[in-house]
Amino acid sequence: MRDYEQMELDMTLESDRALKDNIQEVARFALGQFVQNEHPSTVRNRHEGYGIAAEYYSSLQRSDKAVGVEMKSMLSLLPNGDGDFTNICGSLYNAAIDTAVAAIRLAAQSRRIMEDIYGSEPPTPLEEYAKSLEDDSDGFEEAEPTEAEEMETTESEGD
């Protein structure tokens, strides 16, 4: 039985990783759709980026509040019967979907802000050094011959 519980835990973690990968793909898709349809200007600085993020965060908070309202309604309808409870489940589902959409939009905009601002900043000294290392053809330098090696070469040429 203990092995079964561990296997079940591993499956859950794998499904969570797959879900996160899928959500990241959806956020990239949403950003692509936004850029294609809205043609936004480049985010010029952190303050502008914060303003954009704050706008989408505000939308996320409104959606999250709606989920909270539906959850309170669900709790209050527990004693009433299945009909009312089924309706409120549908409302909760819709509110949760709206929250997910708002969260994906915020994630997409955050990625846009990051790409615009990070792409426009000058490279740090460490980044420049790493790039200079990449620019070398094979990354290796030929060592200068030592005196002993030069003497060996001279002796072997004299033979």
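Contact is taken here to mean heavy atoms within 4.5 Å. By that criterion, and not counting residues up to four places away in sequence, Leu60 touches Thr99, Ala102, Ala103 and Leu106. The model is a predicted one, in which local features need pLDDT of at least 70 and side-chain atom pairs count only at pLDDT 80 or more, whereas totals for chains, interfaces and linings use all residues. Residues are numbered from 1 along each chain as its sequence is written, and side-chain values use heavy atoms, with hydrogens and water left out.

The chain contains 5 helices and 0 strands, where helices (H or I, at least four residues) and strands (E, at least two) are DSSP runs numbered from the N terminus. The order of elements from the N terminus is α-α-α-α-α. Of the 159 residues in the chain, 16% are buried; buried means under 20% relative accessible area, exposed over 50%, and partly exposed in between (1.4 Å probe, protein chains only). The chain exposes about 13,100 Å², of which carbon and sulfur atoms supply 55%. Accessible areas come from the Shrake-Rupley method with a 1.4 Å probe, and for residues only the protein chains shown count as cover. Among contacts between residues at least 6 apart in sequence, 72% join residues at least 24 apart.

Helix α2 comprises 32 residues, 46-77. The distance from its first C-alpha to its last is 46 Å, close to the 46 Å expected at 1.5 Å a residue; the expected span is 1.5 Å times one less than the number of residues. At the start of α2, a side-chain oxygen of Asn45 comes to within 3.0 Å of the backbone nitrogen of His47. The buried residues of α2 are Gly49, Ile52, Tyr56, Leu60, Ser63, Val67, Glu70, Met74 and Leu77. Ser63 in helix α2 has a relative accessible area of 13% and is therefore classed as buried. Beyond its neighbours within four places in sequence, Ser63 is in contact with Ala95, Asp98, Thr99 and Ala102.

In soluble globular proteins, nonpolar side chains tend to be buried together. A nonpolar core is defined as a set of buried Ala, Val, Leu, Ile, Met, Phe, Trp, Tyr and Cys residues joined through side-chain atoms within 4.5 Å. The largest such core has 8 residues in all: Val43, Ile52, Tyr56, Leu60, Ala102, Leu106, Ile113 and Ile117. Helices α2 and α3 (82-120) each supply at least two residues of this core, and α3 gives the most to it, with 4 residues. A second, separate core of 6 residues includes Val67, Met74, Leu92 and Ala95.

Ile113, a member of the largest core, lies in helix α3. Its relative accessible area is 11%, so Ile113 is buried. Leaving aside neighbours within four places in sequence, Ile113 is in contact with Val43, Gly49, Ile52, Ala53 and Tyr118. The C-alpha atoms of Ile113 and Tyr50 are separated by 8.6 Å, although the two residues are 63 apart along the chain.

Side chains of opposite charge can pair when their charged atoms come close. With a salt bridge defined as a side-chain nitrogen of Lys or Arg within 4 Å of a carboxyl oxygen of Asp or Glu, the count comes to 5. One of these joins the side chains of Glu14 and Arg17 (2.9 Å, N to O). Both residues lie in helix α1 (residues 2-38), 3 residues apart, or about one turn of the helix. Glu14 is partly exposed at 45% relative accessible area, and Arg17 is partly exposed at 47%. Another salt bridge links Glu115 and Arg111, whose closest N and O atoms are 3.0 Å apart. Glu115 and Arg111 both belong to helix α3 and are separated by 4 residues, about one turn of the helix. Glu115 is partly exposed, with a relative accessible area of 42%, and Arg111 counts as partly exposed at 31%. A salt bridge also connects the side chains of Glu48 and Arg44 (3.3 Å, N to O); Arg44 counts as exposed, at 64% relative accessibility.

His39 is located in the loop between α1 and α2. This residue has a positive phi of about 50° although it is not a glycine. With a relative accessible area of 62%, His39 is exposed.

Key. Polar contact = N/O pair within 3.5 Å; in protein donor to acceptor, adjacent residues only side chain to side chain.
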